[in-house]
Amino acid sequence: MTILTIANQKGGVGKTTSAVTLAHGLALAGQHTLLVDLDPQGHVAFALGMDKAPGLYRLVVDEEPVTSVAIYSRENLDIVPGDKKTEKAKRTIVISNFPAEIMTRVLKNAPYDVVILDMAPSLDVLHISALMASDWVLIPTKLDAMAVDGVNEVLRSMGEVAERGHRIGYSILPTFFDRTTRETIVQLKALVQTFNSHVWPPIPQDTKAREAPAFGKSLWEYCPRSPAMIGYDDGHESGYASTLHRVVEVLCG
Amino acid sequence: MDKSLQRRTVVDPAVADMLSDMERRKRIANLPKSKQSKARKDAVRHKVGLDLPPALHDSLRQIAEGEHISISSLAAFFAQRGIEDYEEGKFDLSPHKRLSRCARFEYVLDLAKLEKS
């Protein structure tokens, strides 16, 4: 089992869209996948047309086994949904023994090929705990200064985790990519100059990607041929389909 | 310095490719409107310089003029046909090879010999 965390301290950068799309993509590729929602907004379930539920609370506070908390979503894809009780779970974890180890503990021996953790836009105990459990971190970022600053914050947290002896690989996924604006080009160049090969080809801005959650469909179901999925028609690699190949390469060799 | 050392690419090749394309588009957008169309056409052209014997160049020019086409497209057509024949094993380059005096290549092709045959 390998664990991929999707994180950025900045909100609205496409974390949940990336998590849901990659999780469903892995499932369609035959990987038995679990998607865990660590955000009290509970949008993972919503995006997949399901109800929010205190799945994470049951997992980390009630210490129910992952197999009884996980809910079937699609073939090969289960989710641990979240809701506002996730906030309460955080407060409980803080006063528990070894809070940083909690995600590692609850996911130990989970019967999945891949587990994806969709983080909340915050830096808290769940965040550190998720990083401690992770094999790889994917950091979606909009191409604006504040979101890129969020990347730095995640990397600082990863530095703290590394000090505890757990080094994690990472990639940066530019999202909401609009090739026509000057700021996009400036920020993408700055990102590449700073993080070099850690920067993956971007996800084009796409209205379809915003519509899909309203219908409770993943992008694979709602708009598999849209720019967000297959990139612009300009011969350059971009979109979630190419990101999925890279994730498979990183996680499954 | 060891000349066999190669500088490693630190940027993801797909991202580097995309960035250079965006830079090119930006450069073109900054040109006066009258020059943008030509710059766009030039950008997608792949220009190469090749050494051709003058007689061969003359032959190409004459055929191109006779067929009312550009020398570039004629040369590209012949090259395409030549590559296809070569890949299908319709001809062998070995009889035309002679040792090169240039340090970069082991052989050159003897075009004079080709004309005689």
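In the predicted model, L31(B) is placed in the loop that joins α1 to α2 (33–44) of chain B. L31(B) has 13 other C-beta atoms within 10 Å and is therefore partly exposed, since that class lies between the limits of 12 or fewer for exposed residues and 20 or more for buried ones. When residues up to four places away in sequence are left out, L31(B) touches Q36(B) and A39(B). R101(B) lies 70 residues from L31(B) along the chain, and the C-alpha atoms of the two are separated by 46 Å.

Chain B as a whole contains five helices and two strands. Read from the N terminus, the order of these elements is α-α-α-α-β-β-α. Of the 117 residues in chain B, 3% are buried. Among the contacts of chain B with a separation of 6 or more, 3% are between residues 24 or more positions apart. The domain assignment divides chain B into domain 1 (13–40) and domain 2 (69–116). Taken over C-alpha atoms, the centres of domain 1 and domain 2 of chain B are 35 Å apart.

P95(B) counts as exposed because 11 C-beta neighbours lie inside 10 Å.

The contact between the chains involves 12 residues from chain A and 11 residues from chain B. On the side of chain A that touches chain B, six residues are nonpolar, three are polar and three are charged. A helix pair forms part of the description of the two chains: helix α9 (residues 182–195) of chain A packs with helix α1 (residues 13–29) of chain B, at an angle of about 145 degrees and with the axes 11 Å apart. The crossing of α9(A) and α1(B) is left-handed. From α9(A), the residues I185(A), L188(A), K189(A) and V192(A) take part, and they meet V15(B), L19(B), M22(B) and K26(B) of α1(B). The contact of these two helices comprises six nonpolar and two charged residues, with no polar residue.

The largest nonpolar core consists of 79 residues. Those with the most contacts inside this core are A23(A), L35(A), V36(A), V115(A), I116(A) and L117(A). Apart from residues up to four places away in sequence, L35(A) touches A19(A), V20(A), A23(A), V44(A), L77(A), I79(A), I116(A) and D118(A).

Two loop residues of chain A have a positive phi without being glycine. For E63(A), phi is about 55 degrees, and the residue belongs to the loop between α3 (55–60) and α4 (66–69) of chain A. E63(A) counts as exposed because it has 10 C-beta neighbours inside 10 Å. For N76(A), phi is near 70 degrees, and the residue sits in the loop between β3 (71–74) and β4 (77–80) of chain A. N76(A), in contrast, counts as buried because it has 20 C-beta neighbours inside 10 Å.

Conventions
Residues numbered from 1 in each chain as written. Chains lettered and ligands numbered in written order. Predicted model: local features only at pLDDT ≥ 70, side-chain atom pairs only at ≥ 80, totals over all residues. Helix = DSSP H or I, 4+ residues; strand = E, 2+ residues; numbered from the N terminus. Contact = placed C-beta atoms within 7 Å. Domains from an automatic or database assignment. Nonpolar A, V, L, I, M, F, W, Y, C, P; charged D, E, K, R; others polar. Axes fitted to C-alpha atoms, helices over the stretch in contact; angles between N-to-C directions. Left-handed = near helix turned anticlockwise from the far one by under 90°. Core = buried A, V, L, I, M, F, W, Y, C linked by C-beta atoms within 7 Å.
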